[in-house]
Amino acid sequence: MSTPEGGLDKIDQRGAAAGRQDGSGQPEAEDLDWRRVHPVTPLVRGWAVVGAAIVILGQQSLDGGPRGGLIALISSEYWWTLFVALAAIALVGWGYSVLAWRMTTYAIGEETVHLRRGILFRQQRHARLDRLQSVDIRQPLVARFFGLCELTLETAGGTDSGIAIGFLKGSDADELRAELLARAAGLKVARTGSAARTQPVPGAVTAPAGTAPQGEASDVGPHDATQDAAAPAEGPEASPYGPTAPVSLEAPQVPVLSVPLGRLIASVVRSGAMITLVLWALAVLVVMIATGEFAVMSASLPAVLGAGGYLFGRLTGEFDFRVAISPDGVRLRHGMLETRSQTIPPGRVQAVRLVQSVLWRGRDWWRVQVNVAGYGGESEEKNSVLLPVGTREEALTVLSLVLPDLGVDEPRRILDAGLDGDSRTESSYVTASRRTRILDPVAWRRNGFAVTGRALLMRRGRMVKILDVVPHERTQSLGLSQGPWQRRLGVASFQVHSTQGPVQPEVPHLDAADAAQLMAEQAMRARTARAAAGPERWMERQSE
């Protein structure tokens, strides 16, 4: 029962065992080593129930006023019942977590990752490694005290396609991530029982985890580092298992850049959310002084807390943001209260957006966001940022990590034209007609597109400049839309439908003939690029 993209299957525990299929179409048994997560996991997860109970009791105390609710209970002779209730809730929460821990096991197969869980309703989930989009290591605040991490696998199966394996020791999570990325890349991991054979891999660097490559790695650019680490080289006699990855050693990485804390704080201060919050607070203060009613403050408190929470989340979530490149993909690490380590394999990025608000124009700062299949819902905002704030050079460097070749002789010229140019300054982009200025009087000169050998570039916006880049082989579908005024003017808006995420590529108000021609030609380019893209497992492609 595979999903259309083959990303994730959900089957009942009583169903047939998952595995490969033989020539008759029947499942082929696979010897899986089922493992449990760390025994401290119930303690880490059980705190959520206790925290929720404390929040509920606190709300009831505020609702009861100074003479009722929780305060009245503490002041009475039955104060001990409060602690008994909290202890009972803690026991129930931790007891349930213990049962859930005992019923949760995972296994790593040759082609899939398996996860069993559930107390009353048993569920087994499978994630195909050839559809693996990214591997993240998440470390919440409570788990950090115990040195535990949660491993999250995102596949190309939609918002709920991820598999979360947690919690694991930090070293075990790093080793498991290296193994999964090696298998997803097409390398075979030979096993003897539960131990992995660490035969050398042609072209692989067997440096301990966290160490830099030997030689002058600091002088090598990100593209050279990726090619050198992943390129085949002379090695020992081939293993009967095919290319074999030493999963006990993590692939080396080359640091690319990091975001200074001062720049991150300045970018949050210069954001639209901060300006809105300050203006709202000033308006509330003026109303309070004019009317003498302090109830205005309490009425506006939810809006202030919401905006403040968003800004605080931006600051803590993008704290200590670091970007590195390795043979298994682009590595991101960030977070203050909850640290996240993301690894996005090559070719998994569906679309890239470079965006600049008018408040960042003086510093020439840019924000880089991506669409990755599997990311979405609550994780979209946290996991879809490739660079929270950076200079133009840093933004283009990060773009080159996920799309190293645009297929043109002068990529910098066409990128700068997409970031700053309009119809008056250059002619490399097909732009909107002058008659569309009535529909978009500010940014009509900016609306346009350019086609290269590897990607489609779409720009728009004047106050908020946007440049969307979509590789041809990642084009999902195309669309044209026309409103009544657009039909009257003979123009149309062109859209590229990507996976769920912050990037929604579009070029508004093109001439109808240009939009129709672009749609036909881009469909042909997408089919041709997908046919020549090769296997999803990129190391298999390099070893051919």
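Analyst: Let us begin with pairing: two strands pair if DSSP finds at least two bridges between them, where strands (E, at least two residues) and helices (H or I, at least four) are DSSP runs numbered from the N terminus. This is a predicted model, in which local features need pLDDT of at least 70 and side-chain atom pairs count only at pLDDT 80 or more, while totals for chains, interfaces and linings use all residues. Residues are numbered from 1 along each chain as its sequence is written, and side-chain values use heavy atoms, with hydrogens and water left out.

User: What makes β6 and β7 a pair?

Analyst: Strand β6 (residues 132-139) is joined to β7 by 6 bridges, and the two run antiparallel; since at least two bridges are required, they pair. Within this pairing, isoleucine 137 stands opposite leucine 151 of β7. On β7 there are also 6 bridges to strand β8 (residues 163-169), again antiparallel, and here cysteine 149 has leucine 168 of β8 as its bridge partner.

User: Why is β7 called largely enclosed?

Analyst: Buried means under 20% relative accessible area, exposed means over 50%, and partly exposed lies in between (1.4 Å probe, protein chains only). In β7 (residues 148-155), 8 of the 8 residues are buried, so the strand is largely enclosed by the rest of the structure. Both of its faces are covered, with Leu148, Glu150, Thr152 and Glu154 on one side and Cys149, Leu151, Leu153 and Thr155 on the other.

User: How do you know whether histidine 509 is buried or exposed?

Analyst: Its relative accessible area is 14%, and because the cut-off for buried is under 20%, histidine 509 is called buried. This residue lies in strand β24 (residues 506-511).

User: How do you know that the span of α5 is close to what is expected?

Analyst: The expected span is 1.5 Å times one less than the number of residues. Helix α5 (residues 170-184) has 15 residues and reaches 21 Å from its first C-alpha to its last, close to the expected 21 Å.
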